Amino acid sequence: MKIIDVTTHVLEAPLTVPFRWSFNRADIRQTVLVEVTTDTGITGWGECFGPSRPIAAIIQSFKPLLLGADALATDLIWQTLYDRCRDQGQKGMPVCAISGIDIALWDIKGRYFDAPVHQLMGGPLRSEVEAYATGMYRRDDGDPLEYLVEEALGYVADGFKGVKLKIGFDVEGDVAIARAGRQAVGPDIKLMMDANHGYDVIDAIRMGRMVEDLDIRWFEEPVVPEDLAGYREIKAALKIPLSGGECDYTRYGFRDILATRSIDIIQPDTCAAGGLSECKKIADMAVAHGIRYIPHVWGTGIGLAASLQLLAVLPHNPPGWKPTEPLLEFDRSEHPFRQAVLKQPLDHVNGVVQVPTGPGLGIEIDRDGIRRFEVD
């Protein structure tokens with residue numbers, strides 16, 4: 001089965017209410033989808049996390065290497081693309097481009113063998129995943145102590161058993177929001193906080209110590225991803241587990257994180273860190289080092305489906321009668337085409353999401369939905 005075409009679809013849509021995190025803001029939602037077509041008529045779909053237009057250009061630069069290749073040879077294709085770009089592309093957008101291609105190839109492989117990706121990756125350890133709600137971004141107007149508490153209560157009312165706060169702005173204000181959030185959701189809801197690397201080591205430690213009594217499940221990206229020594233310093237100073245890794249790439253990038261035990265919970269993004277092929281390797285490395293794996297997820301239903309296929313096969317770490325199960329990040333922020341790209345949306349029921357069991361990623365693409373949001 002040979003690849004005969006590779007198409008990119010750049011999707012964009014403005015937001016009705018722009019939102020901010022520690023260092024940037026979103027006025028639009030954007031993504032690039034990858035469509036790989038074979039000579040059998042089987043088509044696979046993938047998604048890339050990151051700046052859509054430059055990543056789409058990188059994918060098109062890979063096209064001569066893909067045309068005529070065996071679509072089932074996922075590891076060979078991955079290594080071929082990575083070898084071609086590794087001199088200047090060991091991290092960042094080139095790996096994001098490879099990620100979307102790899103996901104599309106696994107979708108093809110599953111459709112060819114009439115099996116879900118998780119079956120081809122060794123069989124599922126779980127058929128459903130508990131989701132936590134990601135949102136809680138800052139708006140341009142209003143009192144965050146009011147609208148963030150209201151938002152958190154809405155997620156709990158929807159059935160979520162976990163909520164993640166966005167911090168990384170200023171320590172005193174962030175502490176007030178964390179305390180208000182815990183008071184609002186109560187003691188039984190998992191509460192996480194994500195600084196989007198908005199602090200330095202000094203403020204991260206100060207922030208963490210001021211909220212250690214709130215039973216925070218993890219403190220995400222307290223400092224910039226390059227500062228592994230800073231992660232270790234914060235980890236030694238706090239009782240709250242540290243998480244991070246959405247800005248890291250491939251098994252090579254996670255090797256030093258795992259070997260130095262800089263982070264308690266790694267969070268590779270399947271649509272950025274290397275796709276399904278590479279993220280399964282990273283997950284196995286995490287098990288060998290005794291470190292938890294909870295993927296970062298922030299895309300459309302295609303990226304969500306890929307993450308669910310991976311979550312189905314993540315090993316228990318460690319195994320036991322009641323092992324700790326991985327969680328699914330379920331983005332609740334505004335996204336006009338998150339589910340529009342699918343004929344059947346992937347949604348939660350009381351904070352639990354079923355792993356798709358259809359062939360490939362287990363989803364059916366709505367081309368009309370894609371066309372509504374596609375840009376030249």
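1. In this predicted model, I103 has a relative accessibility of 0% and therefore counts as buried, the cut-off being under 20%. The residue belongs to helix α3, which covers residues 93-113.

2. The surroundings of I103 are drawn from several parts of the sequence. Apart from its neighbours within four places, I103 is in contact with W45, G46, E47, T270, C271, G275, L276, A306 and L361.

3. Of the contacts between residues at least 6 apart in sequence, 74% join residues at least 24 apart. Buried residues account for 59% of the 376 residues.

4. The chain comprises 12 helices and 12 strands. Its radius of gyration is 20 Å, close to the 21 Å that the globule rule gives for 376 residues, so the chain is as compact as a globular protein of that length. The C-alpha trace spans about 60 × 45 × 45 Å along its principal axes.

5. Strands β1 (residues 3-20) and β2 (residues 25-38) deserve a separate entry. The two strands pair in the antiparallel sense over 13 bridges, and they form a hairpin with four residues between them. Within this pairing, I3 stands opposite T38 of β2.

6. Is R338 buried or exposed? Its relative accessible area is 10%, and R338 is therefore classed as buried, since the cut-off is under 20%. Leaving aside neighbours within four places in sequence, R338 is in contact with R29, G299, T300, G301, D331, R332 and S333.

7. Most residues other than glycine have a negative phi, and most peptide bonds are trans. Against that background, the bond joining N317 and P318 is a cis peptide bond, with omega about 0°. P318 itself is found in the loop between α11 (301-313) and β11.

8. D215, a residue other than glycine, has a phi near 55°. This residue is located in the loop between α7 (201-210) and β7 (216-220). With a relative accessibility of 41%, D215 counts as partly exposed, because that value falls between the cut-offs of 20% and 50%.

9. T250 is also a residue other than glycine with a positive phi, in this case near 65°. T250 is placed in helix α9, which runs over residues 250-259. What is the relative accessible area of T250? The value is 1%, so T250 is buried.

Technical notes
Residues are numbered from 1 along each chain as its sequence is written. This is a predicted model: local features need pLDDT of at least 70, side-chain atom pairs count only at pLDDT 80 or more; totals for chains, interfaces and linings use all residues. Side-chain values use heavy atoms; hydrogens and water are left out. The radius of gyration is taken over C-alpha atoms; the globule rule is 2.2 Å times the number of residues to the power 0.38. Buried means under 20% relative accessible area, exposed over 50%, partly exposed in between (1.4 Å probe, protein chains only). Contact means heavy atoms within 4.5 Å. Two strands pair if DSSP finds at least two bridges between them.
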